[in-house]
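Reader: Hi! Could you walk me through this one while I have it open?
Author: Happy to, let's look at it together.

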Amino acid sequence: MTDKSPSPGAQSPLELPAWQALLVHSRQIKDIHLRRLFSEDPARGTRFAVEGCGIYLDYSKNRVTTETLRLLLALAAECRLSERVEAMFRGERINTTEKRAVLHVALRSRRGNSIMLDGANVVPWVHEVLERMEAFAQRIRSGRWKGYTGKPIRNVINIGIGGSDLGPVMAFEALRHYSLRDLTFRFVSNVDATDLTEALRELKPDETLFIVSSKTFTTLETMTNARSARAWALQALGDERAIARHFVAVSTNAQEVAAFGIDTANMFGFWDWVGGRYSMNSAIGLSTLLAVGPENFRSLLAGFRAMDEHYRTAPLEKNLPVLLGLLSIWYNNFLGAQTLAILPYDQYLKRFPAYLQQLMMESNGKGVTLDGNPVDYDTSPVVWGEPGTNGQHSFYQLLHQGTKLVPCDFIGFCQPLNPLGNHHPILVANLFAQSEALAFGKTREEVKEEGTEAWLAPHRTFEGNRPSNTILAERLTPETLGKLVALYEHSVLTQGVIWNINSFDQWGVELGKALAQRIVPDLQSAGEPRLRHDSSTSALITRYRSQSRRKPDASEF
């Protein structure tokens with residue numbers, strides 16, 4: 001097995017024949033309305049739809065034709081998408097700037113499969129950690145694990161940041177229906193003391209377990225929160241030996257974990273070929289496993305695995321992640337869209353848009369190519385969203401009548417987890433109605449026929465031609481969640497290959513963190529520090545030092 005990825009090639013995607021053809025094509029169809037596309041093709045609603053491993057994607061309400069899709073698929077072929085996908089699954093080091101393999105797919109591989117890296121099969125490593133996680137979870141969930149005073153654990157607090165927080169909290173909220181209600185779960189990521197303080201409120205230290213998630217066990221925000229949590233526990237429990245009963249680690253740094261007071265037998269590792277934003281089904285998912293139990297966690301992994309196989313084997317024209325990725329390319333690079341709205345019509349998915357923000361923008365928010373050259377085309381859109389009908393009474397006004405082109409992904413389920421009267425049909429009716437209204441709008445003539453006065457008609461007219469995908473599944477189960485997350489994971493790779501960028505590093509995260517380490521001593525110095533920053537930053541530090549020492553008046557409380 002070579003540790004080289006397929007050479008990316010120096011050719012810019014702008015120079016590819018399919019890209020040039022798409023530029024011409026976009027000018028030809030940019031003014032064609034979805035009303036026309038549907039009227040000319042009565043079967044469009046089913047022809048422009050595809051189903052894979054239980055996920056149904058209706059992409060008919062996109063401003064595309066058969067020719068658009070042909071050219072997008074040709075672009076994928078010219079960029080050697082299939083070859084790059086295989087390189088990832090084979091364990092080649094496609095994360096070229098960090099010289100790492102990208103093997104989150106190994107985290108959900110079946111026992112007995114073989115994924116080789118440097119001559120070793122990584123799949124047995126994955127299952128060894130998974131088995132340890134399951135055994136630990138069984139002890140906590142059954143009450144056999146006792147805290148320092150002999151009481152069972154009632155509260156679990158996950159301390160992490162980035163992928164060590166966004167994945168676990170999203171998965172917990174998404175799968176709350178399946179969670180063990182005897183346990184309380186809370187998540188801390190922000191170094192703002194409010195986050196930890198509120199998480200600890202009303203909890204008893206002798207019934208609380210902390211999961212500290214940091215690969216290096218040196219992450220500033222995570223370890224600041226962890227040390228404060230440790231102090232909170234010790235203040236009540238009074239014995240350093242208590243730490244081993246109330247803290248476990250997801251890390252690879254056994255020395256630092258042991259120095260903290262955690263028994264390294266309760267350290268769950270993962271590997272440098274697992275990126276943070278791709279880590280929710282590694283040991284980072286320990287809180288998820290504690291919440292939903294081993295059986296449901298394995299169902300989650302099975303969902304990931306099903307979408308992995310679909311992505312690897314389905315023809316490009318019927319491949320859900322490929323189609324999602326190519327449609328995003330179409331709007332981002334040829335129709336001038338700058339954002340993507342993620343709109344789940346299920347309250348359990350309320351943290352799904354935030355999770356996808358990191359997955360997509362940290363992966364593809366890049367300004368240089370794999371060769372290190374500046375890109376001269378747009379890369380990742382800005383990703384945002386809100387669940388269901390909440391968004392309708394917030395930002396949908398802009399979607400329908402604003403000046404921005406905002407492609408939307410609607411996500412819904414045919415069966416509710418909480419049947420209650422006619423709530424679910426009303427929810428789904430809103431989902432379908434919004435995509436219909438965005439696509440077809442309401443003409444001024446239709447408004448006037450309703451009896452609207454002429455002066456008011458422009459305000460009640462909807463242009464339409466606003467694109468969307470609708471993603472439907474039968475029910476939000478652990479397996480379904482795995483499929484949805486993997487769907488977007490692989491759409492990210494699809495886009496990254498087209499843009500010729502590295503979707504698996506995140507150097508842009510590092511600069512601010514490094515500068516913060518320099519500023520902390522300036523803020524905390526007892527004497528007046530010698531400031532070596534720009535005039536703005538220096539003035540802000542000076543103002544902070546002055547006002548942070550001011551004692552508030554009693555009237556301010």
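Reader: What is the handedness of the crossing of helix 1 and helix 4?
Author: That crossing is left-handed, a term used if the near helix is turned anticlockwise from the far one by less than a right angle, with clockwise counting as right-handed. Before we go on, this is a predicted model, where local features need pLDDT of at least 70 and side-chain atom pairs count only at pLDDT 80 or more, while totals for chains, interfaces and linings use all residues. Residues are numbered from 1 along each chain as its sequence is written, and side-chain values use heavy atoms, leaving out hydrogens and water.

Reader: Thanks! Which residues make the contact between those two helices?
Author: Helix 1 brings P17, A18, W19, A21, L22, H25 and I29, and helix 4 brings E67, T68, L71, L72, A74, L75 and E78. Contact here means heavy atoms within 4.5 Å.

Reader: And how does that contact split by class?
Author: There are 10 nonpolar, 2 polar and 2 charged residues. Ala, Val, Leu, Ile, Met, Phe, Trp, Tyr, Cys and Pro count as nonpolar, Asp, Glu, Lys and Arg as charged, and the others, Gly among them, as polar.

Reader: At what angle do the axes of helix 1 and helix 4 cross?
Author: At roughly 160 degrees, and the axes of helix 1 (residues 17–29) and helix 4 (residues 66–78) come within 9 Å. That makes helix 1 roughly antiparallel to helix 4; the cut-offs are under 35 degrees for roughly parallel, over 145 for roughly antiparallel, 65 to 115 for roughly perpendicular, and oblique for the rest. Axes are lines fitted to C-alpha atoms, for helices over the stretch in contact, and angles run from 0 to 180 degrees between N-to-C directions.

Reader: Switching to sheets: in what order do the 6 strands of the open mixed sheet come?
Author: The order is 1-2-13-12-10-11. Strand 1 (49–52) and strand 11 (382–385) are at the edges with a single partner strand each, so one side of each has no neighbour in the sheet. From one strand to the next, the twist averages 20 degrees. Two strands pair if DSSP finds at least two bridges between them.

Reader: How many bridges join strand 1 and strand 2?
Author: They pair in the antiparallel sense over 4 bridges, with G52 opposite I55 in strand 2. Their hairpin has 2 residues between the strands, and C53 takes a positive phi near 40 degrees there.

Reader: What about strand 2 and strand 13, parallel or antiparallel?
Author: Antiparallel: 3 bridges join strand 2 (residues 55–58) to strand 13 (residues 468–473). D58 stands opposite T470, and Y56 faces L472.

Reader: Which strands does helix 14 lie across?
Author: Helix 14 (residues 352–364) lies across strand 10 (339–344), strand 11 and strand 12 (408–413), running at about 175 degrees to strand 11.

Reader: Now the sheet of 5 strands: is its pairing parallel or antiparallel?
Author: Parallel, in an open sheet ordered 6-5-7-8-9. Its edge strands, strand 6 (184–188) and strand 9 (267–268), each pair on one side only. Strand 8 (residues 247–250) and strand 9 are joined by 2 bridges, and V250 stands opposite F268.

Reader: Last one: how many helices and strands does the protein have?
Author: It has 21 helices and 13 strands, where helices (H or I, at least four residues) and strands (E, at least two) are DSSP runs, numbered from the N terminus.
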